[in-house]
Structure formats: structure tokens, C-alpha cells
Amino acid sequence: MFHLHCTKKLLDRIKPEIAEPGQSDTALGNWYGTVLFWKPQVALMVSERTLLPVLMPLAPAATLAQRFPAQLALVLKEHGTSSEFIAQEVGRMDKVEYAKTANRSVLGVLNEFVKQAEFWLAAYAYEKGDDDDLLAISAKLAETPCSPLYKGPVSPDKALHELVKAGAQT
């Protein structure tokens with residue numbers, strides 16, 4: 001099970017039953033999500049533990065949480081993550097509980113990623129609705145230094161690799 005903390009904009013699109021914030025069973029922890037009002041609309045998800053960004057089509061919004069593990073698997077594969085880690089992570093995401101945002105630090109990173117995604121979209125002439133381009137933008141965003149990570153791996157891609165490496169050693 002994983003917890004998806006959504007901005008009001010995303011909650012208005014999904015209209016889920018909202019639960020109390022809790023901890024996810026996944027290695028990447030809770031997830032935060034918002035909507036980008038591109039045409040077509042896109043959801044941006046960020047891992048609370050590593051700040052790993054995942055962009056994916058929003059429509060149909062009602063099935064976002066059910067489609068998210070498959071998109072996460074593609075992003076993890078793009079970062080060279082082992083198939084064992086991907087299978088474990090996706091396997092634990094069989095159930096979702098929605099909550100309101102609770103971590104202002106992660107929310108700040110989420111908002112910064114929205115601005116940077118706009119930049120990458122314009123700079124490389126990516127298509128807003130193309131799945132391959134969303135994957136490429138997700139990978140570019142993961143290279144961004146994030147202040148909540150400054151005491152450690154600095155960027156989400158490095159935080160992901162450290163998390164996977166630490167999990168392999170235990």
C-alpha cells in the first residue's frame with residue numbers, strides 16, 4: 001500500500017475518499033502529486049523519501065493511482081534500477097490511500113519541478129502528451145539538486161541509487 005498526498009488541484013480532478021496521512025509500505029515512501037495544466041493534462045508525482053519525479057498522463061484521472069505503478073516502473077528502469085527492486089516496489093503498490101499534502105518541503109520541490117518541467121518542454125521541443133517525452137523530462141528533473149537532499153546525495157537520481165544500494169546490502 002502507498003499513500004498519495006495530493007494538491008487541491010489534483011484532488012479536485014480525482015475526487016477520492018481522503019484518509020489520514022500514514023506511512024507507505026514501499027521503499028520510496030509516500031508520494032506527492034499535482035496536476036500540470038498542459039494539453040493533455042499531466043500528473044507530476046514525487047517520492048517523499050528520494051524526491052524522485054514521475055510525469056504521466058492524467059487522463060483518465062479516476063485511474064491515476066492504478067496506472068501509476070506501471071509508470072513508476074518505467075522511470076525506475078530508465079534510471080537503471082534492478083528488476084528485483086522494481087518488482088518489489090510495484091508489488092507493494094496494490095492499494096492506495098489518498099491524503100492532503102502534509103510536507104511543505106516536498107511541496108516546494110514539487111512546485112519547483114513544475115517550473116522546470118515547463119523549461120525542459122520548451123528547451124527540447126518535447127510533446128506534452130508523448131509518453132517517451134514525459135519519461136525523458138522525468139529523468140532530466142531527477143538530476144536537479146534539491147535542498148532537502150543537501151546533507152546526502154543532493155539529487156533524486158543519486159538518492160534513488162543510494163536507496164537501492166542500501167536495500168541490496170540488507
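Predicted model: local features only at pLDDT ≥ 70, side-chain atom pairs only at ≥ 80, totals over all residues.

**Stop one: where two helices meet**

Now widen the selection to the whole helices, residues 64–78 for α2 and residues 131–141 for α5. Their axes sit 10 Å apart, and the packing angle is about 55 degrees. That makes α2 and α5 oblique to each other. As for handedness, the crossing of α2 past α5 is right-handed.

**Stop two: the sheet**

Next, show the strands. Five of them make up an open sheet with mixed pairing, and you can read across it as β4-β3-β2-β1-β5. Which strands sit at the edges? Pick β4 (53–57) and β5 (96–100), each of which pairs on one side only. Ignoring direction, neighbouring strands in this sheet are turned by 30 degrees against each other on average.

Zoom in on β1 (residues 2–6) and β2 (residues 31–36): they run parallel and are joined by three bridges. Click H5 and look across to β2, where Y32 stands opposite.

**Stop three: helices on the sheet**

Bring α2 back into view. It lies across β1, β2, β3 (42–47), β4 and β5, and runs at about 125 degrees to β4. Finish by selecting residues 104–123, which is helix α4. This helix lies across β2, β3 and β4, at about 35 degrees to β2.

Conventions:
Residues numbered from 1 in each chain as written. Heavy atoms only, no water. Axes fitted to C-alpha atoms, helices over the stretch in contact; angles between N-to-C directions. Helix = DSSP H or I, 4+ residues; strand = E, 2+ residues; numbered from the N terminus. Parallel < 35°, antiparallel > 145°, perpendicular 65-115°, else oblique. Left-handed = near helix turned anticlockwise from the far one by under 90°. Pairing = 2+ DSSP bridges. Contact = heavy atoms within 4.5 Å.
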